[in-house]
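Biologist: Hi! Could we go through this structure together? I'd like to start with the overall picture and then get into the side chains.

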Amino acid sequence: MDSKETKLAGFRNPWWWVPTLYFAEGIPYFVVNNISVMMFTKMGVPNGDMSFFTTLLYFPWFLKGEPYRRRSED
């Protein structure tokens, strides 16, 4: 290896955490929604009720973004 390759091998772009963070934020949402749909299906809940209850489980993610929208409108 020459000196340029060894320098690049140890270098990590500081912006690499951004897509990783967005991916990590989506994991709990994905897990909660998919597991709740499977659970409600096994319980025999009708589709309309299933969508309502799954929407209620999504509500914390909705509230999480709300303060940011209010601040940007001021």
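This is a predicted model: local features need pLDDT of at least 70, side-chain atom pairs count only at pLDDT 80 or more; totals for chains, interfaces and linings use all residues.

Biologist: Thanks. How confident is it, then: what is the mean pLDDT of the protein chain?

Modeller: The mean pLDDT is 78, and 72% of the residues reach 70 or more.

Biologist: And which element has the lowest mean pLDDT, and which the highest?

Modeller: Helix 1, residues 3-9, has the lowest, with a mean of 56. Helix 2 has the highest, at 88.

Biologist: How many helices and strands does the protein chain have?

Modeller: There are 3 helices and 0 strands, so along the sequence the pattern reads α-α-α.

Biologist: Let's stay with helix 2. How far apart are its end C-alpha atoms, and what span should its residues give?

Modeller: The end C-alpha atoms are 39 Å apart. Helix 2 has 27 residues, and at 1.5 Å a residue they should span 39 Å, so the two values agree.

Biologist: Nice. Which residues in helix 2 are buried?

Modeller: Asn33, Ser36 and Phe40 are buried there.

Biologist: What follows helix 2?

Modeller: Gly44 does, and its phi is positive, near 80 degrees.

Biologist: Switching to aromatics: how many aromatic pairs does the structure hold?

Modeller: It holds 4 aromatic pairs. In one of them, the ring centres of Trp15 and Trp17 are 6.5 Å apart and the planes meet at 15 degrees, so this pair is stacked.

Biologist: Are those two Trp residues buried or exposed?

Modeller: Trp15 counts as exposed because its relative accessibility is 61%. Trp17 is exposed too, with a relative accessible area of 52%; the cut-off for exposed is over 50%.

Biologist: What about Tyr29 and Tyr58: how are their rings arranged?

Modeller: Tyr29 and Tyr58 make an edge-to-face pair, with 5.2 Å from centre to centre and 70 degrees between the planes.

Biologist: Where do the two residues lie?

Modeller: Tyr29 is in helix 2 (residues 17-43) and Tyr58 is in helix 3 (residues 47-73), so their pair ties together parts that are 29 residues apart in sequence. As for accessibility, Tyr29 is partly exposed, with a relative accessible area of 35%. Tyr58 counts as partly exposed at 35% as well.

Biologist: And Phe40, which residues does it form an aromatic cluster with?

Modeller: Phe40 forms one aromatic cluster with Phe52 and Phe53.

Biologist: Which residues make the nonpolar surface patch?

Modeller: Phe23, Ile27, Phe30, Val31, Ile35 and Met38 make a patch of about 630 Å².

Biologist: Pick out Phe30 for me: buried or exposed?

Modeller: Phe30 is exposed, with a relative accessible area of 56%, and its place is in helix 2.

Biologist: And Ile35, where is that one found?

Modeller: Ile35 is found in helix 2 as well, and at 48% relative accessibility it counts as partly exposed.

Biologist: Last one: what separates the C-alpha atoms of Ile35 and Thr54?

Modeller: They are separated by 9.8 Å, while the two residues are 19 residues apart along the chain.

Definitions and conventions
Residues are numbered from 1 along each chain as its sequence is written. Side-chain values use heavy atoms; hydrogens and water are left out. Rings of Phe, Tyr and Trp (its six-membered ring) pair if their centres lie within 6.5 Å; planes under 30 degrees apart count as stacked, over 60 as edge-to-face and the rest as tilted. Buried means under 20% relative accessible area, exposed over 50%, partly exposed in between (1.4 Å probe, protein chains only). Helices (H or I, at least four residues) and strands (E, at least two) are DSSP runs, numbered from the N terminus. The expected span of a helix is 1.5 Å times one less than its number of residues. pLDDT is the predictor's confidence in each residue, from 0 to 100. Patches are made of residues with over 30% relative accessible area and no salt bridge: like charges are joined within 9 Å, nonpolar side chains (Val, Leu, Ile, Met, Phe, Trp, Tyr) within 5 Å. Accessible areas come from the Shrake-Rupley method with a 1.4 Å probe; for residues, only the protein chains shown count as cover. A salt bridge is a side-chain nitrogen of Lys or Arg within 4 Å of a carboxyl oxygen of Asp or Glu.
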